[in-house]
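I opened my notebook to find out how this chain is put together. I wrote down each thing as I looked it up, in plain words.

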Amino acid sequence: MDTKIKKQAEFLRDTKFVNDVHLGKLTRLLRMTGFDTVYRNDLEDDEIIRIAVEEQRIILTRDLGILKNKKVQKGYFLRSQQPKEQLREVILRFQLQNNMKFLSRCIICNGTIEKTDKSSVESCLKPGTQKHFNDFFRCKDCGKVYWEGSHFNKMMMFFQNLENELERS
Ligand SMILES: [Zn+2]
């Protein structure tokens, strides 16, 4: 494999993002899809650029100004203003169709989540949840608990549609 292609392949295997302050909804969708995404709504442009350079992250933004900065190596200007459409754009642009890993990353803090025993999360659940659900996941960083409830089902439906759509495009 020639070096350029190899470099590109390495890069894609470990695609990480830092989002500008207006992309809170896209951030949640990217994390739901399993992509490592740094986001804070109080980050200044130069902090975003510093994080991107230090951690080799791609800057996602709807602000061309930040992408014109000479220090920026990798950035992408989102065409759409609609979060779900933006997610689709990012996946297609960086060819991430095969890298999606649902329920692997916390939508709140970007930490990784793992399957956990019901007994270990019981104390943080409401009685209704305790009774009706059996599969639980917990964020290793912030401790947020996820379970296969109605929200989960909605999310899975969204991903199913997304996968079907991507197959067609
Ligand atoms: Zn978390």
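This is a predicted model: local features need pLDDT of at least 70, side-chain atom pairs count only at pLDDT 80 or more; totals for chains, interfaces and linings use all residues.

**Entry 1: the link between domains**

My count between domain 1 and domain 2 came to 1 salt bridge. I looked up the partners: the side chains of Arg88 and Glu165 form it, with 2.7 Å from N to O. As a reminder to myself, side chains of opposite charge can pair when their charged atoms come close.

Next I asked which helices supply at least two residues each to the side of domain 1 that touches domain 2. I found helix H2 (24–32) and helix H5 (83–93). H5 gives the largest share of that side, 5 residues. I then sorted that side of domain 1 by class and got 5 nonpolar, 1 polar and 2 charged residues.

In the contact list I found 8 residues of domain 1 and 6 residues of domain 2.

How much area is buried between domain 1 and domain 2? I read off about 660 Å², and carbon and sulfur atoms give 82% of that. My side note says that the size of an interface is often given as the accessible area lost when the parts come together.

**Entry 2: a parallel sheet**

I traced an open sheet of 4 strands and wrote its order as S2-S1-S3-S4, with parallel pairing. Strand S2 (37–38) and strand S4 (75–77) are at the edges with a single partner strand each, so one side of each has no neighbour in the sheet.

Strand S3 (residues 58–61) runs parallel to S4, and 3 bridges join them. Opposite Ile59 I found Gly75 in S4. My reminder here is that strands of a sheet pair through backbone hydrogen bonds, either parallel or antiparallel.

**Entry 3: antiparallel strands**

Further along, I looked at strand S5 (residues 113–116) and strand S6 (residues 136–139), which are antiparallel and share 4 bridges. Thr116 has Phe136 in S6 as its bridge partner.

S6 also pairs with strand S7 (residues 145–147), again in the antiparallel sense, over 3 bridges. Here Arg138 sits opposite Val145 in S7. I saw that S6 and S7 make a hairpin with 5 residues between them. In its turn, Gly143 has a positive phi of about 85°.

**Entry 4: salt bridges**

How many salt bridges are there by the rule I used? I counted 9. One pair I looked up is Arg57 with Asp36, whose closest N and O atoms are 3.0 Å apart. Why does this pair tie together parts that are 21 residues apart in sequence? Arg57 is in the loop between helix H3 (45–55) and S3, while Asp36 is in the loop between H2 and S2, so the pair connects those two parts.

Notes. Residues are numbered from 1 along each chain as its sequence is written. Side-chain values use heavy atoms; hydrogens and water are left out. Contact means heavy atoms within 4.5 Å. Buried area is the accessible area (1.4 Å probe) that two parts lose on being put together, summed over both. A salt bridge is a side-chain nitrogen of Lys or Arg within 4 Å of a carboxyl oxygen of Asp or Glu. Ala, Val, Leu, Ile, Met, Phe, Trp, Tyr, Cys and Pro count as nonpolar, Asp, Glu, Lys and Arg as charged, and the others, Gly among them, as polar. Two strands pair if DSSP finds at least two bridges between them.
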